[in-house]
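Me: I would like a close look at a single part of this model, followed by whatever else in the structure bears a look. Please keep it plain.

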Amino acid sequence: MDQHTPLQATATSQRFEFSAPLELAEARRDMVSSPTLAINEAVSRRRAEGKETLHLGFGEAIFPLHPALRQALAEAIESTGYAPVAGVLKLRQAIAGYMERTRGISCSAEQVVVGPGSKPLLYALLQVLEGDVLVPRPSWVSYGPQIRLAGWQVVPVATDPADHHRLTPEALSDAVTAAHASGAKPRVLIVNSPSNPTGGMLAEEDVAVLGAWARAHGITIISDEIYAELAHGWRPHVSPARFYPEGSIITGGLSKAFSAGGWRLGYAILPAGERGAQLGKALRALASEIWSAAATPIEKAAIVAFTPNTDLETYVRRSARIHGYVTHALYQTLIELGVACPKPAAGFYLYPDFAPWRGALVNLGVTTGQQLAQYLLDEWAIATLPGVAFGEEPDALRLRLSTSHLSIVSTGSAPKEQAAELWQLLAQADALPVPGEVGQPVGPDLPELAKAQLRWREVIGYFNSLA
Ligand SMILES: Cc1ncc(COP(=O)(O)O)c(C=O)c1O
């Protein structure tokens with residue numbers, strides 16, 4: 001029998017302060033899910049309740065998997081052993097070659113680190129790099145939370161909606177001055193061109209100026225190029241690493257160009273040289289303690305994506321063409337309705353501003369972007385994300401619209417049929433006009449796109465009637 005005396009019990013309880021289990025760390029008590037994932041769940045709930053919803057809230061490339069990738073994954077399925085922390089060598093070699101072909105950037109396999117998506121790699125980079133982080137306002141929902149989780153301060157850099165939210169050296173210098181005045185020490189800048197949420201892309205001369213500015217200030221650039229392959233065709237993508245190779249890190253992956261977000265495969269390209277090698281060592285050490293490696297079969301299949309293959313390159317080019325067609329069609333509708341919106345250059349996002357209707361919206365109890373998004377979801381069944389999720393002031397009436405789900409050819413068809421329809425759409429893509437060059441694009445009838453155009457006409461018509 002256990003002979004615990006009252007004396008022993010007292011000695012034990014004195015050593016530990018009594019508390020309930022599952023207590024959250026104080027710094028994590030207010031954490032909430034990423035708004036993009038939250039809106040996706042809200043839409044799924046609405047649909048499960050039988051409420052039709054126009055899903056402009058979640059940016060997910062929806063084209064069917066390319067058969068070359070499917071076959072490569074099937075062949076690699078028995079690879080059950082762990083991959084090296086930085087990724088299998090053949091994949092890192094293929095990614096290095098891909099950088100040369102697609103970005104004109106030469107790098108070696110040693111400079112490549114593969115991970116389970118670019119998102120954890122971005123976080124790992126923020127963990128190992130020194131300093132507070134300059135982030136354009138607006139910018140992707142996860143940068144701010146990741147920076148804070150890593151223990152740094154977010155240093156917002158102002159952008160001008162009337163100037164397509166361009167990142168300028170003047171705004172960067174202003175942000176650094178303000179940061180220093182408040183005790184922050186920015187050493188890192190996140191550049192996301194093409195941008196989520198604006199859909200904009202920096203012109204080559206702006207990228208060159210940015211590289212020169214970062215070099216002059218000893219700032220590391222993390223260039224998130226996850227949408228680089230999805231340029232719509234009227235402006236080429238240029239990486240800051242072209243102008244500032246010694247201080248730029250590129251991140252990218254399979255999620256957007258290869259419509260394979262669920263495969264969770266991303267990469268980081270580190271600078272060459274001694275300092276780049278030190279960064280690589282730290283990044284691999286961190287990865288080894290957290291995720292060990294990306295999934296081996298996925299890594300092996302991904303070799304195919306980054307190895308020269310005309311058919312896959314055509315697939316990516318055509319996906320970009322369709323994203324461009326759909327995004328510009330909705331952009332044209334908004335512009336015709338008098339909604340200010342930066343012209344999209346890549347990817348599948350629009351970032352319109354509803355400020356002209358601010359007075360009318362007050363009558364509906366709407367004074368913030370969050371309220372506007374909620375109102376549109378409740379009253380018009382349109383799912384969007386408010387600017388505040390992208391670091392904007394709460395009263396900004398800008399919303400991010402994702403057009404990626406508007407490429408669906410027919411609603412309600414089974415997944416297999418939908419895939420076949422999307423393949424047909426991809427086959428027609430080369431005939432589509434380059435957006436922005438020929439006015440209103442003409443192309444295939446897409447019911448979700450037509451629904452979105454009609455719904456916005458109705459919404460703006462109603463807002464006008466209130467004014
Ligand atoms: C700007 C941006 N960066 C990074 C990511 C993350 O991509 P991944 O699937 O590689 O983690 C996303 C995904 O939505 C994104 O929009």
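How many residues does helix α2 have, and how far does α2 reach from its first C-alpha to its last?

Reply: The model is a predicted one. Helix α2 covers residues 35-48, which is 14 residues, and reaches 20 Å from its first C-alpha to its last. That is close to the 20 Å expected at 1.5 Å a residue.

The buried residues in α2 are Thr36, Ile39, Ala42, Val43 and Arg46. Seen down the axis of α2, these buried residues fall within an arc of 120 degrees, so they line one face of the helix. The face turned away from that buried side carries the exposed residues Arg45 and Ala48. Cover for the buried residues of α2 comes from elements that include β1 (54-55), α13 (369-380), β10 (382-383), β11 and β12. After α2 comes Gly50, with a positive phi near 80 degrees.

Ala396 sits in the loop between β11 (385-386) and β12 (399-402). Its relative accessibility is 9%, so Ala396 counts as buried, the cut-off being under 20%. Leaving out residues up to four places away in sequence, Ala396 touches Arg358, Thr368 and Gly369. From Ala396 to Leu372 there are 24 residues in sequence and 9.9 Å in space, C-alpha to C-alpha.

Asp353 is in the loop between β9 (349-350) and α12 (358-362). At 16% relative accessibility, Asp353 is also under the 20% cut-off and therefore counts as buried. The side chain of Asp353 makes a polar contact of 3.0 Å with the side chain of Arg398. With residues up to four places away in sequence left out, Asp353 touches Val339, Ala340, Leu397 and Arg398.

Buried in α9 are Gly276, Leu279, Gly280, Leu283 and Ala287. These residues cover an arc of only 105 degrees around the axis, which puts them on the same side of α9. On the other side of α9, the residues Glu274, Lys281 and Glu289 are exposed. The buried residues of α9 are covered by elements including β2 (112-115), α5 (118-128), β7 (248-253) and β8 (266-269).

Next, some backbone details. Most residues other than glycine have a negative phi, and most peptide bonds are trans. Just after α9, Ser292 takes a positive phi of about 65 degrees, although Ser292 is not a glycine. Ser292 lies in the loop between α9 and α10 (296-306), and at 30% relative accessibility it counts as partly exposed. Arg264, also not a glycine, has a positive phi of about 55 degrees. Arg264 is placed in the loop between β7 and β8 and is partly exposed, with a relative accessible area of 33%.

One joins Arg137 and Pro138, with omega about 10 degrees; Pro138 is in the loop between β3 (132-137) and α6 (143-149). Another joins Ser193 and Pro194, with omega about 0 degrees; Pro194 is in the loop between β5 (186-191) and α8 (204-217).

Arg264 also comes up at the ligand. There are 13 residues around the ligand, and Ser118, Asp224, Tyr227, Ser255 and Arg264 come nearest. A polar side-chain atom of Asp224 is 2.6 Å from a nitrogen atom of the ligand. For Ser255, a polar side-chain atom lies 2.5 Å from an oxygen atom of the ligand. In the side chain of Lys256, an N or O atom is 2.8 Å from an oxygen atom of the ligand.

The cysteines come last. A disulfide is a covalent bond between the sulfur atoms of two cysteines. With a cut-off of 2.5 Å between sulfur atoms, the count comes to zero disulfides. Cys107 counts as buried at 15% relative accessibility, and Cys341 is buried with a relative accessible area of 10%.

Key:
Residues are numbered from 1 along each chain as its sequence is written. This is a predicted model: local features need pLDDT of at least 70, side-chain atom pairs count only at pLDDT 80 or more; totals for chains, interfaces and linings use all residues. Side-chain values use heavy atoms; hydrogens and water are left out. Buried means under 20% relative accessible area, exposed over 50%, partly exposed in between (1.4 Å probe, protein chains only). Helices (H or I, at least four residues) and strands (E, at least two) are DSSP runs, numbered from the N terminus. The arc is that of the directions from the helix axis to the C-beta atoms. Contact means heavy atoms within 4.5 Å. A residue is near a molecule or strand if one of its heavy atoms lies within 4 Å of it. A polar contact is a pair of N or O atoms within 3.5 Å; within protein, one must be able to donate a hydrogen and the other to accept it, and residues adjacent in sequence count only if both atoms are side-chain atoms. The expected span of a helix is 1.5 Å times one less than its number of residues.
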